[in-house]
Amino acid sequence: MESLKKGSKKLLNAWAFYDWANSVYSLTIASSIFPIFYSALFLTDIKRVTAFGIEFKSTALITFVTAFTFLVVAFLSPLLSGIADYVGNKKTFLKFFCYLGSAGCIGLYWFEITPEKIHQSLLFYFMGLIGYWGSLVFYNSYLPDIAYPEQQDSISAKGFSWGYIGSVFLLIINLIMVMFPGVVGFDLTISQDIIDNGTALEIEEALKTVKEKASIEAMRYAFITVGVWWALFSQYSFYWLPKGHSKGKNATVSILFNGFKELRKVWQDLLQNLRLKRYLTAFFVFSMAVQTIMLVAVYFGEEEIAWGGKDAKTTGLITSILVIQLVAILGAYITSKTSSKIGNIKTLIIINILWVVLCVYAYFMVTPLSFYIAASLVGLVMGGVQSLARSTYSKFLPDTEDTTSYFSFYDVAEKIGIVIGMIIYGTIDQKTGSMRNAILFLVVFFVLGILLLLRVPRQDKNEQSDD
């Protein structure tokens, strides 16, 4: 296999193509079909479930499990990235987490909320989530390895855009399966006895019940398609991406602690790099709110919006997710262009202001139309804030080949922020019984993020500071 040069078009596209492969997880599992599927498993409006010996509100349980997963990722990131950076095999770890996540997605086919199956089911959910976010640790760390600073904003945006396009393509296929199960071969027949002896209303109800069961079965098959898609399309990236930079030393037991040593070194470097330190602090604060909203948005829409029926709810939620993804493509490019004119930090401040407006708006919205409007605005700022936050950090890094360690620090900060955000969100949801109160509280993090971004110096200053 030929070795591609840094900055080459083929290498940049191979890196960005992993977004095409793995974004189907974030869309189908994290953001759309799985939340709808999870809600449909509860046969009554009293959505409570017992797990680990505790009775949870259904949405709070998923929130807490998600928070725990991110805590594990935050611990594993420095452990594994230290090894990868030491022996130069970050691609091996990228593959491992990709296949772990793919297996978790496929395992969701057997997801149940019964006491006998709930823990096994949550394990599959955990595998998918940890596989996705674990792989991003190593995927993101490739950015300064494969792209020069002037290329990083655009290729980061391209990666997110390809991810949106690929995930929407598969989601449309999945939606056809879910909304028209009979068309794709799922059994919609009802018993002959009901056909012969039932009233028109009884036949209609029977058909409705059969369709709902077929749709749930179609969702289970959708999870399999996500796992297969993720593993299959990743192969192109795996083929062209470099193995990593090796330090040329033999692997020993001591390398297990190298990641934490590297984090300490990065922290010490941050104390000498005022701009990077202040930016990372701001990122830690606003990212916890951004990621929390993205992880709970569909659960919020499912529970808090008056859809007027199950079919209308499913259609409405799916439509809103498609709107978010399609608008996000535009949002990522608008953000990239805006940042090139007014700068990354100013653009991030504007985006955070928009998030504040969105949270306040979400607290009051009730109708499907208001949810669609919110979805459009979320899409506009979602892709932008993710791609720009990643590329801004990459551009602020010092000149080093140990990029995995720096991005491990970045990812640990992000994951710990998500843990805090999700625990706060889940606790407010569990205690008050309303996700509206929880979403409104996130305004605090966006406002703090804006204030912290205002303190990021325009120029790099390698000076020690106590700020």
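Which helix does S23 lie in? Here are some notes to read beside the structure.

1. S23 belongs to helix 1, which covers residues 9-31. Please keep in mind from the start that this is a predicted model. With a relative accessibility of 8%, S23 counts as buried, because buried means under 20%. Once neighbours within four places in sequence are set aside, S23 is in contact with G163 and S167.

2. Next, a word on confidence. The protein chain has a mean pLDDT of 83, and 90% of its residues reach 70 or more. Residues 461-467 are a stretch to read with care, as the pLDDT there is below 50. In the model, this stretch still has 17 contacts beyond near neighbours in sequence.

3. Now follow the chain from helix 1 to helix 2 (residues 33-40). Their axes come within 3 Å and cross at roughly 20°. Angles under 35 degrees count as roughly parallel, and the two helices are therefore described as roughly parallel to each other. On the helix 1 side, L27, T28, I29, A30 and S31 take part in the meeting, and on the helix 2 side I33, F34 and P35 do.

4. How many of the eight residues of helix 2 are buried? Seven of them are, so helix 2 is largely enclosed by the rest of the structure. The buried residues are I33, F34, P35, I36, F37, Y38 and S39.

5. F34 deserves a look of its own. Not counting residues up to four places away in sequence, F34 touches T28, I29, I62, L108, F111, Y125, F223 and Y299. The largest nonpolar core has 150 residues, and F34 is among the members that touch the most others, along with Y38, F111, Y279, W355 and Y393. Helix 11 (residues 274-304) gives this core its largest share, 17 residues.

6. What does strand 1 pair with? Its partner is strand 2 (residues 54-57), which runs antiparallel to strand 1 and is joined to it by four bridges. A51 stands opposite I54 in strand 2. Two residues lie between the strands of this hairpin, where F52 takes a positive phi near 60°.

Technical notes. Residues are numbered from 1 along each chain as its sequence is written. This is a predicted model: local features need pLDDT of at least 70, side-chain atom pairs count only at pLDDT 80 or more; totals for chains, interfaces and linings use all residues. Side-chain values use heavy atoms; hydrogens and water are left out. Buried means under 20% relative accessible area, exposed over 50%, partly exposed in between (1.4 Å probe, protein chains only). Contact means heavy atoms within 4.5 Å. Two strands pair if DSSP finds at least two bridges between them. pLDDT is the predictor's confidence in each residue, from 0 to 100. A nonpolar core is a set of buried Ala, Val, Leu, Ile, Met, Phe, Trp, Tyr and Cys residues joined through side-chain atoms within 4.5 Å. Axes are lines fitted to C-alpha atoms, for helices over the stretch in contact, and angles run from 0 to 180 degrees between N-to-C directions. Angles under 35 degrees count as roughly parallel, over 145 as roughly antiparallel, 65 to 115 as roughly perpendicular and the rest as oblique.
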